[in-house]
Amino acid sequence: MIAIPAVDLRDGACVQLVGGEFANEKVRLPNPPSVARDWLNQGFQRLHVVDLDAALGRGNNMKVVREILHESTVPVQVGGGIRTEDQIERLLDDGATYVVVGTRAIEEESWLEEMAGKFPHQLIVAADVRERNIVTRGWTKMLPRNVVHFVEELSALPLAGLLVTAVHKEGQLGGTDLPLMEDVAEASRWPVFASGGVSSMDDLRALEHRGLAGAVLGMALYTGAIDARHVAQEFES
């Protein structure tokens, strides 16, 4: 299993939110490319970059995203407000290894099917979840849709993976939603990456034991709750 630091962008800064609430920002660092470099220097082998402003339709941080992509020496997956073919193509051209698609991919499955056909094994579908229901549009809209059923419906598409964020655990350092992650991993034919609530090495080992391909880490790294070098060394692939 691979551990992947999150670089979440808002107003040109790197931030961390608690509970998926934009009003509840706990961490703010002014130089995201420097933050990304620091994670690479710690030994991490992949980065997860999210444009939170784009996800909510409040502008974007593309200049910062491009700078991170151009400097990175490891694969980078980029998401946040990706809703057109042109956006996917531009990000891949700018150096993204994978593009993370969420809202439109979930709300318009015909579009996801078309994009997966055009960009096979380059798209990661982000399913943000509160309890077992999917939320979209920057965590502001809840759908009456069970995430496990959603995963099963998309099993034929040539995706690169599935990112499941337990929004109800996000940024709270209270442990991840293991039953949720295990059920999704069992239902999915693609690699599944977990996000939300990871707070210890034991959390990471439990996810690995349950068949997760990776875990995206935010608050635990930014607050020093877990040792970055130790994580990068144990969970490097």
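Predicted model: local features only at pLDDT ≥ 70, side-chain atom pairs only at ≥ 80, totals over all residues.
A residue counts as exposed when its relative accessible area is over 50% and as buried when that area is under 20%. By that cut-off H121, at 53% relative accessibility, counts as exposed.

**Two loop residues with positive phi**

- H121 is found in the loop that runs between α6 (109-118) and β7 (123-130), and although H121 is not a glycine, its phi is positive, at about 60 degrees.
- D11 lies in the loop between β1 and β2 (13-17), and D11 likewise is not a glycine but has a positive phi, here of about 55 degrees.
- Because the relative accessibility of D11 is 56%, this residue counts as exposed.

**The helix α3**

- The buried residues of α3 include V64, V65, I68 and L69; when the helix is seen down its axis, its buried residues fall within an arc of 135 degrees, so they line one face of α3.
- On the face of α3 that is turned away from this buried side are the exposed residues K63 and H70.
- The partners against which the buried residues of α3 pack are the strands β1 (2-10), β4 (47-51) and β5, together with the helices α1 (32-41) and α4.

**The nonpolar cores**

- In soluble globular proteins, nonpolar side chains tend to be buried together.
- In this model the largest nonpolar core has 72 residues, and the residues with the most contacts inside it are I88 and L204.
- Leaving aside residues up to four places away in sequence, I88 touches I82, V99, V101, W111, M115, F119 and L123.

**The largest pocket**

- The largest pocket has a volume of about 160 Å³, and it is lined by 13 residues, of which M62, I82, Q87, R90 and L91 are the closest to its centre.
- Three elements each supply at least two residues of this lining, namely α3 (62-71), β5 (76-79) and α4 (85-94).
- By residue type, the lining of the largest pocket divides into six nonpolar, four polar and three charged residues.

Notes
Residues numbered from 1 in each chain as written. Heavy atoms only, no water. 1 Å grid on protein atoms, 1.4 Å probe; cavity = no way out; pocket = protein on both sides within 12 Å on 5 of 7 lines; lining within 4 Å. Points joined across faces, edges and corners; volume = space filled by probe spheres on them. Helix = DSSP H or I, 4+ residues; strand = E, 2+ residues; numbered from the N terminus. Nonpolar A, V, L, I, M, F, W, Y, C, P; charged D, E, K, R; others polar. Buried < 20%, exposed > 50% of the residue type's maximum accessible area, 1.4 Å probe, protein only. Arc of directions from axis to C-beta. Contact = heavy atoms within 4.5 Å. Core = buried A, V, L, I, M, F, W, Y, C linked by side-chain atoms within 4.5 Å.
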